[in-house]
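This report is meant for a reader who is meeting the structure for the first time.

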Amino acid sequence: MLCAASCKNSALCPNCISHLPYLTQALCPQCALPVHDGGLCAACLNHPPAFDFSYAALAYTAPLSHLIIAAKFSGHWSLLPTLGQLLLQGVINAPRPDLIIPLPLHPARLKERGYNQAYELAKPVAKPLQLPLRLDILERRINTEHQARLSQAARHKNMHKAFYATQSVAGKHVVIVDDVMTSGSSLHAAASCLKQAGALRVDAWVLARAL
Ligand SMILES: [Zn+2]
Ligand SMILES: [Zn+2]
């Protein structure tokens, strides 16, 4: 997909995979932003998000950002199993949760795209780690991607009630999988919803962190 070399069973050749923007520096344990000392970043100290820990495999920079955009918006969904393998490598040493939930898309968005990239990324992670992958716990009720014309305050309010938990996750350690963490606001809203549904701990596993 990047260099046009022939490769079997993967969208990327080993050489291109080895040159992706891996996050090797110290990261804030809560939001995966690079920090000097590996402690909490200023944002997490001042306004801690509802998720407890974040694990990010790669930085959201070129050429990975181009691959993610192609996988999401240009129908190159066949990239997602390869990207899922990269996510798996990034979280292989993370504490194992009780269950994994892909960040849900709004049903209208899902219908438009035909697949949820977070679910496609979570599949190659959940299977080898033998973790239950659950699509029936968290629902997205507000299409927050289609609210560009709203004020920031209105968007924030919408995001706050965008997710709905269909059942209790009392006492569970839950992981939410998503493709990219940018501001972290949707992961925060989803984690806050799961905490209200009783989750003991919520971690975010993301393929890429916007820096
Ligand atoms: Zn290549
Ligand atoms: Zn942080």
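Helix α4 passes α6 in a right-handed crossing, a crossing being right-handed if the near helix is turned clockwise from the far one by less than a right angle, and left-handed if anticlockwise. Helices (H or I, at least four residues) and strands (E, at least two) are DSSP runs, numbered from the N terminus. The model is a predicted one, in which local features need pLDDT of at least 70 and side-chain atom pairs count only at pLDDT 80 or more, whereas totals for chains, interfaces and linings use all residues. Residues are numbered from 1 along each chain as its sequence is written, while chains are lettered from A and ligands numbered from 1 in the order in which they are written.

**The helix pair**

Two packed helices are described by the angle between their axes and the distance between the axes. Here α4 and α6 pack at an angle of about 55°, with their axes 8 Å apart, where axes are lines fitted to C-alpha atoms, for helices over the stretch in contact, and angles run from 0 to 180 degrees between N-to-C directions. That angle makes α4 oblique to α6, because angles under 35 degrees count as roughly parallel, over 145 as roughly antiparallel, 65 to 115 as roughly perpendicular and the rest as oblique.

On the α4 side, the residues that meet α6 include Leu80, Leu83, Leu87 and Val91, and their partners in α6 include Leu121, Pro124, Val125 and Pro128; two residues are in contact if their C-beta atoms, placed from the backbone, lie within 7 Å. The residues of this contact divide into ten nonpolar, three polar and two charged, with Ala, Val, Leu, Ile, Met, Phe, Trp, Tyr, Cys and Pro counted as nonpolar, Asp, Glu, Lys and Arg as charged, and the others, Gly among them, as polar.

**The core**

The largest nonpolar core has 56 residues, of which Leu87, Ile176, Val177 and Ala190 touch the most other members. Such a core is a set of buried Ala, Val, Leu, Ile, Met, Phe, Trp, Tyr and Cys residues joined through C-beta atoms within 7 Å. Among the elements that each supply at least two residues are α4 (80-91), α6 (117-129), β1 (53-59) and β5 (173-181). Not counting residues up to four places away in sequence, Val177 touches, among others, Ile100, Leu121, Val125 and Trp205.

**Single residues**

A residue is buried if 20 or more other C-beta atoms, placed from the backbone, lie within 10 Å of its own, exposed if 12 or fewer, and partly exposed in between.

| Residue | C-beta atoms within 10 Å | Class |
|---|---|---|
| Ser54 | 24 | buried |
| Thr61 | 14 | partly exposed |
| Arg155 | 16 | partly exposed |

Ser54 has its place in strand β1, and, leaving aside its neighbours within four places in sequence, its contacts include Gln30, Met181, Asp203 and Val206. Thr61, in the loop between β1 and α3, is 147 residues from Ala208 in sequence, yet their C-alpha atoms are 8.5 Å apart in space. Pro63 lies in the loop between β1 and α3 as well, and the peptide bond from Ala62 to Pro63 is cis, with omega near 0°. Arg155 belongs to helix α7 (residues 152-160).

In the segment before α1 (14-18) lies Ala4, whose phi is near 70°, a positive value in a residue other than glycine.
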